[in-house]
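Dear colleague,

Please find below the structure that I am handing over to you. My findings follow directly after it.

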Amino acid sequence: MAFADYTSEGAVAVITLKNPPLNALGVGLRGAIAAGLGRAAADESVTAVVIAGSGSAFSGGVDAGDYGRADLSAAPSLADVCLLIENSSKPVIAAINAAALGGGLEIALACHYRVAAARALIGSPEVKLGILPWAGGTQRLPRLIGPERALNMIVSGNSSSARDLEEYGFADVTVDHGVLPAAVDLAARIVADKWPLKKLRDVRIDFSNAEEFFDFARSAVAPLARNYPAPPKCIDAVEAAVRRPFDEGLRMEKVLFSELLNSPQSKALRHAVVATRLASTVPGVPGAPPRPVKSVAVIGAGTMGGGIAMNFANVGIPVTVLETTRAALDKGLATVRRNYENTLKKSRLSKEDVDSRMSAITGTLSYDDIRDADLIIEAVFEDLQVKKQVFEKLDQAAKTGAILASNTSTLDLNAIANFTRRPHDVVGLHFFSPANVNRLLEIVRGAETAADVLATSLALSKQIRKVGVVAGVCDGFIGNRMMNAYFRQMEFLLDAGTLPQQIDKALEKFGFAMGPFRVSDLAGNDILWSIRKRLYVEYPDRVFSKTPDRICELGRFGQKTGGGWYDYKPGDRAARPSDLVTKIVFEEAERLGIPRRAVSDEEIVDRALCALINEAARILEEKIALRASDIDVVYLTGYGFPDFRGGPLFYADTVGLPNIVRTMRGFALGYQPDAWEPAPLLKRLAAAGKTFANWDDTA
Ligand code: NAD
């Protein structure tokens, strides 16, 4: 049978789920379970049924991409399958070999008994997609493990091992090995000893502190409820499980689910998950087997080099860090150690972990020590001449087949590749600061980068728990190119007398983790200043606000100098509005003769988003990004764009592209109109009534 095997162990029928890799509960697998149950019911020689997982999952549940598609409700629905299991007249036992998540957990909960591998992960991650368990899970889980533990799992979406849930009575039997034989044994015992069919629907929850508990839970999720409506509704559903009969709770769960499924937040969160998965697929690359990467070298132990090295040490890949002087090397390695020790202090690493990770990192001053490295990542000064020296040396020293990567943010990767005699082995691996924390990795494909180098980079990004997105060569690649356009517009707002704190606040209210001026103060205003200085030369016609340069001329580089767009007290990262900056902003506005006007938060957000969207449209048309959803992934993972808005281009589609074009045309009537000419692709899509998602479907 496709999707599931039906076999017998004596009088026990075993339905083994077979929809690799995660036994996703599409209509095919659901139908196969229903068919297996029907066959077992009709066969008089069968006395009990085991539903077993296979491979690395019992079932990972419904695929995030299936929500909102016809497959989701196609018969038999997940809820139908759960009812079929629960109403079976023969006992049904779940054999949970590995992950039972979402719909997978729902199936396990509908069974009369459960046998679980101790290490199997159990969870209801639906809330992370902006929805809730919807096939009875909000009603059955509290009846099995108690409302407190169940609410915690459903609201957080976090999973626990079956061993951790043992004390809450999750499984009837928890074993270290041999889940299936244990389940078959249990089935035989149930039949022999005439155990009852345990249906969770029949359990009544006795919970004396309900009032207090649910009030507390509601107050905990209330502050985020505007942007994340699912958690409060999870609480409503679990409260129904406590206070109402099962069928009533089930009806309520269904209503809450369909409200959430249609919410813009859930659509955005689902888009983010599907887009992230898609980003790792690159046309033409799947055929290329990755090169093995067993050892890594990093050139430069500065801000980025140290953080980059940590990523590999964290997953047990030995790293050699090369510097020019002993002092620079010692300083870089000491920073790495301090970072690990800070994590140790927060109890997120053990002393042994720190030691083993530090021992995976070796320092050197000699290229002889990196000859055997499979991957070498350069993170030296952002200066083409310095890069040239390094890549010429790497070309001499590195073994044949080694991948040579550059972490450059702005320089021409093709020029860097051509400093070697092996440009096909050269790729950009653009990490973001802090490199050991930020999840984004832009993988920059040079004109000659080989397919297997790209395949290796994509595989490696997963191994070091980053989200890899492929970008073409251009100034700033995807992320920083868009950021430059966005920051430039925000700086023009200063010219109209708008203060940095108002701009930041408006964008943070929209959902950005940080507004642009707080970001600048954190990253270092000097870094952005040096980028601007280069742009002044390379794009002499492009106009910029003068205010950021005036701030830098005062040495106000941000947090590291105790002042930037904001003032900072020593040892305190809290940004305090600066009187001096206010004075400079107003002086500049006056000097330019721009009448000061009240700029609304909505206008600030529109200007920021339109700038991002317009640059993104150019990036797409130039094929710097493979697809619109990749651009969303870059902003969601690397730039603190709010996940409940799905990324800049998903947001643009939600607003409607004709509306975006109209807003830009309005801006073009005012100050600095040149940047507001809509990109050709944006205009074409808007005129044709299309979306960026349509572009992805046809590209
Ligand atoms: P940094 O100045 O902190 O560190 C550079 C290090 O390289 C220094 O320790 C220096 O001693 C060393 N170095 C210089 N020349 C060398 C050589 N020939 N051989 C070996 N080591 C040498 O700079 P950084 O901020 O870490 O930036 C490094 C690279 O990463 C740059 O290309 C930069 O554009 C890029 N980058 C930086 C950031 C960021 O936020 N800082 C983010 C992404 C990418």
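The largest cavity is lined by Glu-491, Phe-517, Ser-520, Asn-525, Leu-528, Arg-532, Pro-548, Ile-551, Cys-552 and Trp-565. A cavity here is a set of points, on a 1 Å grid over the protein atoms alone, where a 1.4 Å probe fits but cannot get out, and lining residues have an atom within 4 Å of a point. The volume of the largest cavity is about 60 Å³, a volume being the space filled by probe spheres set on the points, with grid points joined across faces, edges and corners. One cavity of 30 Å³ or more is found in a search of the whole structure.

Please note that this is a predicted model, in which local features need pLDDT of at least 70 and side-chain atom pairs count only at pLDDT 80 or more, while totals for chains, interfaces and linings use all residues. Residues are numbered from 1 along each chain as its sequence is written, and side-chain values use heavy atoms, with hydrogens and water left out.

At least two residues of the cavity lining come from each of α20 (516–523), α21 (525–538) and α22 (547–553); helices (H or I, at least four residues) and strands (E, at least two) are DSSP runs numbered from the N terminus. The lining of this cavity comprises six nonpolar, two polar and two charged residues. In this classification Ala, Val, Leu, Ile, Met, Phe, Trp, Tyr, Cys and Pro are nonpolar, Asp, Glu, Lys and Arg are charged, and the others, Gly among them, are polar.

The second largest pocket has a volume of about 1,200 Å³; a pocket is an open set of grid points with protein on both sides within 12 Å along at least five of seven lines. Its lining holds 39 residues, of which Leu-22, Ala-64, Leu-129, Val-273 and Arg-277 are the closest to its centre. Two or more lining residues are given by each of α11 (264–279), α17 (451–463), β18 (467–472) and α25 (628–638), and α11 provides the largest share, six residues. By class, this lining has 17 nonpolar, 14 polar and eight charged residues.

I turn now to the ligand. Among the 23 residues around it, Met-304, Glu-323, Glu-382, Lys-387 and Asn-407 come nearest, where a residue is near a molecule if one of its heavy atoms lies within 4 Å of it. Oxygen atoms of the ligand lie 2.5 Å from a side-chain N or O atom of Glu-323, 2.8 Å from one of Asn-407 and 2.9 Å from one of Thr-303. Taken alone, the ligand exposes 840 Å², and the protein buries 81% of that; accessible areas come from the Shrake-Rupley method with a 1.4 Å probe. The shell around the ligand receives at least two residues from each of α12 (303–314), α15 (384–397) and β16 (426–431), with the largest share, three residues, coming from α15. The shell divides into eleven nonpolar, nine polar and three charged residues.

The domain assignment, which is automatic or taken from a database, gives domain 1 (4–261), domain 2 (296–471) and domain 3 (479–698). The C-alpha centres of domain 1 and domain 2 are 44 Å apart.

Finally, some backbone details. Most residues other than glycine have a negative phi, and most peptide bonds are trans. Ala-75 and Pro-76 are joined by a cis peptide bond with omega of about -5°, and Pro-76 is placed in the loop between α2 (70–73) and α3 (78–86). The bond from Ser-433 to Pro-434 is also cis, with omega near -10°; Pro-434 lies in the loop between β16 and β17 (440–445). Asn-23, although not a glycine, has a positive phi of about 55°, and Asn-23 is found in the loop between β2 (12–17) and α1 (27–42).

Yours sincerely

How values were computed:
A polar contact is a pair of N or O atoms within 3.5 Å; within protein, one must be able to donate a hydrogen and the other to accept it, and residues adjacent in sequence count only if both atoms are side-chain atoms.
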